Amino acid sequence: MLRNKTNCITIDAHILTSVHLKRDVKIDCYLPADIAGHPFLHLLLINDGQDLRTMHFEDILDELVADNHIEPIFCVGIHCSTDRKNEYGTAKILDYKGRGAKAALYTRFVMEELLPYIRKTYHILSFTEKSFAGFSLGGLSAIDIVWNNPEEFCMAAVFSGSMWWRDKDHDDKDLTKARIVSCTAR
């Protein structure tokens, strides 16, 4: 485990060996430097977590927490794999090219491996609320996981979401009914 520290935020890097995904999954945990002093933390999972370092996410969080714009929060950036288009997507419906074939396995990784790992590693039995966010296709994945696990998550955030994900080619005449997100929301 690597550890970097800003003023208010600590970053821990971990590698989880996933049974479901059959690969090592890198995660970066952004947490309050004085985590013991915050018994009622919110959890935010973020797909495409490898991009958080590039955008200096720790500095953004550090400033927001230091200036009291947000309560301290526990964020987990989940690094995507080289098979991103298969792990992200919707768990119950593949897109028209068969992409998203591992989305159900990715959901199982999050629910059965990642969340228990976080709870055990950081000795947190429960979070006040849990949310999931992502960029582009990672946003679609986040919304799918939250939608299908309302007992676990209360919110989803999508940045530049791939809501075009559909079960028919763009040449099909009625694409409004082909969008998978609208199909699963019915």
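User: How much of the protein chain is made up of buried residues?
Analyst: In this predicted model, buried residues make up 45% of the 186 residues in the protein chain.

User: What share of the contacts joins residues 24 or more positions apart?
Analyst: Among contacts in the protein chain with a separation of 6 or more, 64% are between residues 24 or more positions apart.

User: Back to the inside, then: which residues of the largest nonpolar core touch the most other members?
Analyst: That core has 30 residues, and the ones that touch the most other members are Leu45, Phe74, Val76, Ile78 and Phe132. The elements that give two or more residues to this core are β3 (23-32), β4 (42-47), β5 (73-78), α4 (103-122) and α5 (137-148).

User: Which of those gives the largest share?
Analyst: Helix α4 does, with eight residues of this core. As a general background point, nonpolar side chains tend to be buried together in soluble globular proteins.

User: Where does the other core come in, and how many residues does it have?
Analyst: Another core lies apart from the largest one and has twelve residues, among them Ile11, Phe57, Leu61 and Ala133.

User: How many aromatic pairs does the structure hold, and how are the rings of Phe74 and Tyr122 arranged?
Analyst: The structure holds seven aromatic pairs. In the pair formed by Phe74 and Tyr122, the ring centres are 5.0 Å apart and the planes stand at 80°, so this pair is edge-to-face, the class for planes over 60 degrees apart. The pair links distant parts of the chain, since Phe74 is in strand β5 and Tyr122 is in helix α4, 48 residues apart.

User: Are those two buried or exposed, and which residues form the aromatic cluster?
Analyst: Both Phe74 and Tyr122 are buried, and together with Phe127 they form one aromatic cluster.

User: What does the side chain of Asp12 make a polar contact with?
Analyst: The side chain of Asp12 makes a polar contact with the side chain of Tyr122, at 2.7 Å. Asp12 is found in strand β2, and Asp12 counts as buried because its relative accessibility is 0%, where the cut-off for buried is under 20%.

User: New topic: what is the phi of Lys22, and where does Lys22 lie?
Analyst: Phi of Lys22 is near 55°, a positive value in a residue other than glycine, and Lys22 lies in the loop between β2 (9-18) and β3. For background, most residues other than glycine have a negative phi.

User: What about Asp48, is it like Lys22 in being exposed, or is it buried?
Analyst: Lys22 counts as exposed because its relative accessibility is 73%, whereas Asp48 counts as buried because its relative accessibility is 1%. Asp48 also has a positive phi, of about 60°, although it is not a glycine, and Asp48 lies in the loop between β4 and α1 (50-54).

Key: Residues numbered from 1 in each chain as written. Predicted model: local features only at pLDDT ≥ 70, side-chain atom pairs only at ≥ 80, totals over all residues. Heavy atoms only, no water. Core = buried A, V, L, I, M, F, W, Y, C linked by side-chain atoms within 4.5 Å. Buried < 20%, exposed > 50% of the residue type's maximum accessible area, 1.4 Å probe, protein only. Helix = DSSP H or I, 4+ residues; strand = E, 2+ residues; numbered from the N terminus. Contact = heavy atoms within 4.5 Å. Polar contact = N/O pair within 3.5 Å; in protein donor to acceptor, adjacent residues only side chain to side chain. Phe/Tyr/Trp six-rings, centres within 6.5 Å; stacked < 30°, edge-to-face > 60°.
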